[in-house]
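Please look through the structure below.

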Amino acid sequence: MSYGSFPPSSGRRGGTLAVVLAALIPACFAGWLLWSSFGGQDPGQDDGKPGGSGLPTASSTSSPSPPPAGPPSDAPAKSLKGKVVVIDPGHNPNNRDHSAQIARRVDIGTDKKECDTTGTATNSGYAEASFTLDVARRARTLLEARGATVKFTQNGKREFGPCVDERAEIGNKAHADAVVSVHADGAGSGERGFHIILPKSVRGGGADTSAITKPSRRLGERLLDAFAEETGSEPADYIGDGSGLNVRGDLGGLNLSTVPKVFIECGNMRDAKDAAHLTDARWRERAARGVARGITDFLNG
């Protein structure tokens with residue numbers, strides 16, 4: 001306001017106005033500073049970011065950055081103390097050097113299939129086996145922070161394998177409360193998204209999934225929701241009806257399981273857009289959060 005805009009009619013009025021302005025200007029300036037510190041936002045307004053508090057962050061003017069590493073914020077409220085979780089990192093980086101051994105056929109109850117495979121890779125050569133180990137290790141850190149006992153089927157140190165029947169047996173012997181096998185798909189270019197593979201109700205030979213199909217579906221549904229929210233990924237557009245859930249009876253790791261178990265195909269390594277996520281360490285942290293949260297929601301459901 002300009003002091004000359006409204007001249008006072010008397011000396012008294014001018015003195016009063018000067019006192020009011022002297023008190024008002026510092027108050028307005030202090031208010032402006034407070035408003036600026038919140039980036040012009042209402043401090044209580046959600047800024048739209050995951051877990052947003054309305055406070056500005058370093059990425060307020062750029063694309064949202066992945067959550068920082070560490071235990072999930074709701075870990076104390078969702079303890080996994082006393083729970084056993086088995087994470088099965090799909091394939092093994094050393095399988096490529098043992099083609100004869102992993103080609104050996106093993107009994108999956110209803111049929112016979114290869115012991116294991118090398119898995120797929122991105123067009124730039126980033127192997128699925130490397131991806132699955134990285135996500136599995138990150139998820140283990142998050143789950144252990146919640147009090148869970150976490151076991152792996154392999155940690156990249158075995159000569160090859162284990163075979164699919166042994167992978168199932170590891171979860172069974174651990175009496176696991178939940179098992180998740182981490183994978184990435186190798187579908188055609190242009191086919192995008194993630195999906196969860198659920199066990200079909202099968203019985204034959206050493207396979208009998210009748211007791212685990214329902215709890216496995218619940219595990220898969222929790223995993224689907226959590227993974228989508230944590231990563232921003234959409235369910236696969238090339239599997240089934242686009243629900244993100246696919247039921248199969250031809251996988252030994254599921255057929256031979258006696259505990260709740262699902263597979264997650266985190267994306268399509270052969271699609272350039274999906275591969276850009278899968279090769280990004282920040283996105284893999286998000287993926288691990290999705291896996292850990294899905295398991296936690298299932299075990300606390």
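Thr296 lies in helix H8, residues 281–299. Helices (H or I, at least four residues) and strands (E, at least two) are DSSP runs, numbered from the N terminus. The model is a predicted one, in which local features need pLDDT of at least 70 and side-chain atom pairs count only at pLDDT 80 or more, while totals for chains, interfaces and linings use all residues. Residues are numbered from 1 along each chain as its sequence is written, and side-chain values use heavy atoms, with hydrogens and water left out.

Thr296 counts as buried because its relative accessible area is 0%; buried means under 20%, exposed over 50%, and partly exposed in between (1.4 Å probe, protein chains only). Leaving aside neighbours within four places in sequence, Thr296 is in contact with Lys78, Leu80, Leu143 and Arg146, where contact means heavy atoms within 4.5 Å.

In soluble globular proteins, nonpolar side chains tend to be buried together. A nonpolar core here is a set of buried Ala, Val, Leu, Ile, Met, Phe, Trp, Tyr and Cys residues joined through side-chain atoms within 4.5 Å. The largest nonpolar core has 38 residues, and Ile87, Phe131, Leu143, Val180, Ile196 and Ile264 touch the most other members. H8 supplies the largest share of this core, 8 residues. Apart from residues up to four places away in sequence, Phe131 touches Tyr126, His183, Ala184, Cys266, Met269, Leu278, Trp283 and Arg284. Cys266 is buried because its relative accessibility is 3%.

Next comes a pocket. On a 1 Å grid over the protein atoms alone, a pocket is an open set of points where a 1.4 Å probe fits, with protein on both sides within 12 Å along at least five of seven lines; lining residues have an atom within 4 Å of a point. The second largest pocket holds about 480 Å³ of space, a volume filled by probe spheres set on the points, which are joined across faces, edges and corners. Its lining has 25 residues, and His91, Thr117, His183, Leu251 and Phe263 are the closest to its centre. Strand S5 gives the most to this lining, with 4 residues.

How many disulfides does a search of the whole structure find? The search finds 1, a disulfide being a pair of cysteine sulfur atoms within 2.5 Å. Cys115 is joined to Cys163, S to S 2.1 Å. The pair links distant parts of the chain, 48 residues apart. Both Cys115 and Cys163 are buried.
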